[in-house]
Amino acid sequence: MVQELGYLKETASQTAGPYVHIGLTPNFCGIAGVYEADLGASMVNDKTLGQRITVKGRVIDGAGMPLRDALIEIWQADAAGLYNSPSEMRGAADPNFTGWGRCPTGAEDGVFTFETVKPGRVPFKDGRLMAPHITFWIVARGINIGLHTRMYFPDEAAANAEDPLLARIEHRHRAETLVAAGAAPSYTFDIHLQGEKETVFLDI
Amino acid sequence: MSARQNRKPKTGAFFQRDRDWHAPAFTPGYKTSVLRSPQQALLSLDGTISEITGPVFGHSILGELDNDLIHNFAKPGESAIGERIIVHGRVLDERGLPVRSALLEFWQANAGGRYRHKKESYLAALDPNFGGCGRTITDDEGHYFFRTIRPGAYPWPNGVNDWRPAHIHFSIFGHGFAQRLITQMYFEGDPMIWKCPIVNTIPDRRAIEQLIAPLDWANTIPMDARAYKFDIVLRGRRSTFFENRPEGN
């Protein structure tokens, strides 16, 4: 016999279901008056530093149909490459930028939209700089455990070419699934759950 | 988004997720997963600063009734219909450490099993005094609590006669974005749990049992509300033993 490690098991994930809006964006689905505003609806204010950008996209299922009941959260560094988080030890992030946003996909068109700023570069574990990126987390009915992925920028070819995460993708054409379309200040990032264009999802 | 910081924040990467413990993406018994499940292998990578960090929310975002679903949508002087319950517990990590300042958001059907949502078509009645959402933030020991009514079971279109057992949805933020979790809490003694295709997406019975809140008789408030205890475990952080940190990240 040996000592027991005594670790607990992570609580198992369950789908967010079709009514995720009730809990996470109640104002969006007509439940007014409980919360003043939906959390994560606004990431910036008029003092936020950096280049304003818009990121739009859809989450598309294996039959090519956009999900109209998904919910997306994003997390990113500020324009200087700092996270607005207690675990950020490298400096203080822009207090006028939350770094975190939440948006349901449209009930009619399936489109999500984030008004944010272009993130600065942050270091990989070995100190190399990663290319500017936005972390995405996707939940919906039919998704048993939230999907993590990243959006990179199409106008950062040099930085993308040396990004340690993109470099880990064995099939090179699949790395393109993590690069948004468009150009500053308007980007489009479609997430494909299945099929030839299936987005690279992360176990991270 | 500022957290009270009495201690130095932890900055280690998170324990790898046990993907055999969680439901796989493709679970044909839950039909909607068929076209919404990634088919390629996930790219596995140790967490970077982008996942080790995460938003932390202050108590200032909370309103007085945010953790009281019996009253937070009710007209003045009225309250939601149903069996009054308290749900409480702790948010811990896999090392058993409390997760303080964790934001919990919850949502549920009313006592008749009806959600307040325009896409909801179940014929059970809406309760004009029940919205169905609430939120709270854990204290320094990881404790949380809220008051609500016990939700009803309801039928859903999957098989011809599939019903969801009574459940409450939970969304939890820890301190790192990699800890982000959405799950569902079930109630001790409900025979419908084991018939549910969504519950049964989880392959390990022990993982399902971890989602079932026991009746907490000791904390039941006489002549008022029964208590259910639901502890939640988020991914643990690895110790930072000898890791090189050339950029101080």
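Among contacts in chain B between residues at least 6 apart in sequence, those that join residues at least 24 apart make up 73%; two residues are in contact if their C-beta atoms, placed from the backbone, lie within 7 Å. This is a predicted model, where local features need pLDDT of at least 70 and side-chain atom pairs count only at pLDDT 80 or more, while totals for chains, interfaces and linings use all residues. Residues are numbered from 1 along each chain as its sequence is written, and chains are lettered from A and ligands numbered from 1 in the order in which they are written.

Chain B holds 2 helices and 12 strands, in the order β-α-β-β-β-β-β-β-β-β-α-β-β-β. Helices (H or I, at least four residues) and strands (E, at least two) are DSSP runs, numbered from the N terminus. Of the 249 residues, 46% are buried, with 20 or more other C-beta atoms within 10 Å of their own.

Now to the partner chain. Chain B gives 82 residues to the contact and chain A gives 68 residues. The side of chain B that touches chain A includes two or more residues from each of β1 (43-44), α1 (49-52) and β8 (167-173), among others. Here is that side by class:

| Class on chain B side | Count |
|---|---|
| Nonpolar (Ala, Val, Leu, Ile, Met, Phe, Trp, Tyr, Cys, Pro) | 33 residues |
| Polar (the others, Gly among them) | 32 residues |

Strand β10 (residues 202-203) of chain A runs parallel to β1(B), joined by 2 bridges; strands pair if DSSP finds at least two bridges between them. Leu202(A) has Leu43(B) as its bridge partner.

Definitions and conventions
Buried ≥ 20, exposed ≤ 12 C-beta atoms within 10 Å, placed from the backbone.
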